[in-house]
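Here is a short briefing for a first look at this structure. Keep the 3D view open as you read.

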Amino acid sequence: MTSLVPRLWSELSEWFEQDSLLLRGTNTIRLEDHMTDTEYKIRAELPGVDPEKDVQVSVSDGVLTIRAERREEKQARHRSEFRYGSFERSVRLPSNAEEQGIRADYSKGILEITVPLRAQPEPRRIEIKSN
């Protein structure tokens, strides 16, 4: 009986992970990001889209949103494992992001967004008085 518990737990965990992937949906954009003192870079995987027609990048209230659409080319009797439809991903920007200076470039299926960052001021020390 005790040997069944770890196996059951493992199977349940795997089932919940798969279920959560279904709930999140497969039409999400995969990202990687990197931050330095001066900029925040986001790279989004978007193969097979026309960046001028099928991709939109917007920023509002500190949230950067990438939207894309990949349309299926209709063919008779074929097999496809490609994902088609609308894709969207939002990322909260750092508090020191300069939204006006954001730029985006697309090359070889990768959308790279560069967000300039303002220098963070040194924290001001506040004196504590005691009575």
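Setting aside residues up to four places away in sequence, Thr 114 touches Glu 39, Tyr 40, Lys 41, Gly 101, Ile 102 and Arg 103. Thr 114 sits in strand S7, which covers residues 110–116. Its relative accessible area is 2%, so Thr 114 counts as buried. The model is predicted.

**The four-stranded sheet**

- Strand S7 belongs to an open sheet of 4 strands, in the order S1-S2-S7-S6.
- The pairing in this sheet is antiparallel.
- Strand S1 (31–35) and strand S6 (103–107) are the edge strands. Each of these two pairs on one side only.
- On average, neighbouring strands of this sheet are turned by 15 degrees against each other, direction ignored.
- S1 is joined to strand S2 (residues 39–45) by 5 bridges, and the two run antiparallel.
- Met 35 has Tyr 40, in S2, as its bridge partner. Tyr 40 is also one of the residues that Thr 114 touches.

- How many salt bridges does a search of the whole structure find? The count is 6.
- One of them joins the side chains of Arg 43 and Glu 32, at 2.7 Å from N to O. Arg 43 is in strand S2 and Glu 32 is in strand S1, so this pair ties together parts that are 11 residues apart in sequence.
- Arg 43 is partly exposed, because its relative accessibility is 34%. Glu 32 is partly exposed too, with a relative accessible area of 47%.
- Lys 41 forms a salt bridge with Glu 112. Their closest N and O atoms are 3.2 Å apart.
- Why does the pair of Lys 41 and Glu 112 tie together parts that are 71 residues apart in sequence? Lys 41 lies in strand S2, while Glu 112 lies in strand S7.
- Lys 41 has a relative accessible area of 25%, so it is partly exposed. Glu 112 is also partly exposed, at 22%.
- A network of salt bridges links Glu 32, Glu 39, Lys 41, Arg 43 and Glu 112.

**The three-stranded sheet**

- Another open sheet has 3 strands, in the order S3-S4-S5. Its pairing is antiparallel.
- Which strands are the edge strands? They are strand S3 (55–60) and S5, and each pairs on one side only.
- Neighbouring strands of this sheet are turned by 15 degrees against each other on average, ignoring direction.
- S3 and S4 pair over 6 bridges, in the antiparallel sense.
- Val 57 has Ile 66 of S4 as its bridge partner. The bridge partner of Val 59 in S4 is Leu 64.
- S3 and S4 make a hairpin, with 2 residues between the strands. In the turn, Asp 61 has a positive phi of about 50 degrees.

- The side chains of Glu 88 and Arg 67 meet in a salt bridge, at 3.3 Å from N to O.
- This pair links distant parts of the chain, 21 residues apart. Glu 88 is in strand S5 (residues 85–92), and Arg 67 is in strand S4 (residues 63–70).
- Is Glu 88 buried or partly exposed? Its relative accessibility is 41%, so Glu 88 counts as partly exposed.
- Arg 67 has a relative accessible area of 33%, so Arg 67 is partly exposed.

**The loop between S4 and S5**

- Arg 71 lies in the loop between S4 and S5.
- Which residues does Arg 71 contact, leaving aside its neighbours within four places in sequence? They are Asp 54 and Tyr 84.
- Arg 71 and Gly 48 are 23 residues apart in sequence. In space, their C-alpha atoms are 9.1 Å apart.

Key: Residues are numbered from 1 along each chain as its sequence is written. This is a predicted model: local features need pLDDT of at least 70, side-chain atom pairs count only at pLDDT 80 or more; totals for chains, interfaces and linings use all residues. Side-chain values use heavy atoms; hydrogens and water are left out. Two strands pair if DSSP finds at least two bridges between them. Axes are lines fitted to C-alpha atoms, for helices over the stretch in contact, and angles run from 0 to 180 degrees between N-to-C directions. Buried means under 20% relative accessible area, exposed over 50%, partly exposed in between (1.4 Å probe, protein chains only). Contact means heavy atoms within 4.5 Å. A salt bridge is a side-chain nitrogen of Lys or Arg within 4 Å of a carboxyl oxygen of Asp or Glu.
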